[in-house]
Amino acid sequence: MYSIREFSKRTGVSARTLRFYEELEVLLPEKRNASGHRVYGLQQLAELQQIQSLKFVGYSLQEIKRYLHAGNQSIEAWLTSLPTQKQMLLEKRSEIDRAVSAVEHVHSLLGEGTEVTWTMVSALLQEMEHEEERLEWMREHLSEEVVTTYTAMTEQERAHVNRELLLILSDVKQLMKDKVAPESKRAQQIPIRLTELMMQPVPKEEWEAYADELERVLASDEADDFRFPSFWSPEEERYVEKITKALEQ
């Protein structure tokens, strides 16, 4: 029989976690001694091993509690749940892989002396997190040619686009800081650079058709179906809109 401190030391599970397990009724002490302290025995050691094993393969504490309390009757139910549990783990692995890729991507882009804001970081991470949703939206609202052009981009090409976008954003911040008028030639380089950047993956002979399709979708209610992550603050967006209007005029 072991005190909670001894049991914690022998199992490598903190006393705080053991108290939490008791609170959830996942793992209860064998008894309380005359002083009211928790006492654990070999039965609790076996149960703790089961808990740790099931946690390792992704089961929640509530699920583990249900299986342990059902005794041997729960084995069949647990075996039946394995295919679902495997699918859940595969999805979690995919999510972790995307998260690692996002961290590497952001670290690469922002490790080049670029001024960093939370808006930029959030947009970069959201862009990768919602990649599948964005592709689904594009497949629904844009032509197959446009979608194919986008999906054919390599990771290096996408990193280049994001890197150039951050440079443009940095220049916009400087223009705003210098209080440059939207009508100035210096400011009007911004929408030109943005357009050229957006068109980079597209063959020049398809630029007009590509631009017309994007303009059609962005001007319609379809654009509200999916909120694309924005690198810009509201103030920066308004400033660029003013530049674009001045350029059009």
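Two strands are taken to pair if DSSP finds at least two bridges between them. Helices (H or I, at least four residues) and strands (E, at least two) are DSSP runs, numbered from the N terminus. The structure is a predicted model, in which local features need pLDDT of at least 70 and side-chain atom pairs count only at pLDDT 80 or more, while totals for chains, interfaces and linings use all residues. Residues are numbered from 1 along each chain as its sequence is written, and side-chain values use heavy atoms, with hydrogens and water left out.

The protein contains 12 helices and 3 strands. Of its 249 residues, 35% are classed as buried, where buried means under 20% relative accessible area, exposed over 50%, and partly exposed in between (1.4 Å probe, protein chains only). A contact is defined by heavy atoms within 4.5 Å. Among contacts in the protein with a separation of 6 or more, 61% are accounted for by residues 24 or more positions apart.

The strands were examined next. An open sheet of 3 strands is arranged in the order E1-E3-E2, and its pairing is antiparallel. Strand E1 (2–3) and strand E2 (31–32) are the edge strands, each pairing on one side only. E2 is joined to strand E3 (residues 38–40) by 2 bridges, and these two strands run antiparallel. Within E3, Val39 is the bridge partner of Lys31. With neighbours within four places in sequence set aside, Ser3 contacts Arg38 and Tyr40. Ser3 and Arg38 are 35 residues apart along the chain, and their C-alpha atoms are separated by 6.0 Å.

Two helix pairs were then considered. For these, axes are lines fitted to C-alpha atoms, for helices over the stretch in contact, and angles run from 0 to 180 degrees between N-to-C directions. Helix H1 (residues 4–11) and helix H2 (residues 15–23) have axes that come within 9 Å and cross at roughly 110 degrees. H1 is therefore roughly perpendicular to H2; angles under 35 degrees count as roughly parallel, over 145 as roughly antiparallel, 65 to 115 as roughly perpendicular and the rest as oblique. On the H1 side Ile4, Phe7 and Ser8 take part, and they meet Ala15, Leu18 and Arg19 in H2. The residues of this contact of H1 with H2 comprise 4 nonpolar, 1 polar and 1 charged. In this classification Ala, Val, Leu, Ile, Met, Phe, Trp, Tyr, Cys and Pro count as nonpolar, Asp, Glu, Lys and Arg as charged, and the others, Gly among them, as polar.

For helix H10 (residues 189–199) and helix H12 (residues 234–248), the axes come within 8 Å and cross at roughly 95 degrees. H10 is therefore roughly perpendicular to H12. Here Ile190, Pro191, Ile192 and Leu194 in H10 meet Val240, Ile243, Thr244 and Leu247 in H12. The residues of the contact of H10 with H12 include 7 nonpolar and 1 polar, with no charged residue.

Aromatic pairs formed a further subject. Rings of Phe, Tyr and Trp (its six-membered ring) pair if their centres lie within 6.5 Å; planes under 30 degrees apart count as stacked, over 60 as edge-to-face and the rest as tilted. By this rule there are 3 aromatic pairs. One of them is the edge-to-face pair of Tyr59 and Tyr67, with 5.8 Å centre to centre and 85 degrees between the planes. Both Tyr59 and Tyr67 are buried. Tyr59 also forms a tilted pair with Trp78, at 6.4 Å centre to centre and 40 degrees between the planes. Because Tyr59 lies in the loop between helix H3 (42–56) and helix H4 (61–69) and Trp78 in helix H5 (residues 74–110), this pair ties together parts that are 19 residues apart in sequence. Tyr59 has a relative accessibility of 5% and so counts as buried, whereas Trp78, at 24% relative accessible area, is partly exposed. Tyr59, Tyr67 and Trp78 make up one aromatic cluster.

Helix H5 also holds Gln85, which is buried because its relative accessibility is 8%. Not counting residues up to four places away in sequence, Gln85 touches Val57, Gly58 and Tyr59. A further buried residue is Arg158, with 18% relative accessibility, located in helix H9 (residues 155–177). Arg158 contacts Glu131, Tyr150, Thr151 and Met153 when its neighbours within four places in sequence are left aside.
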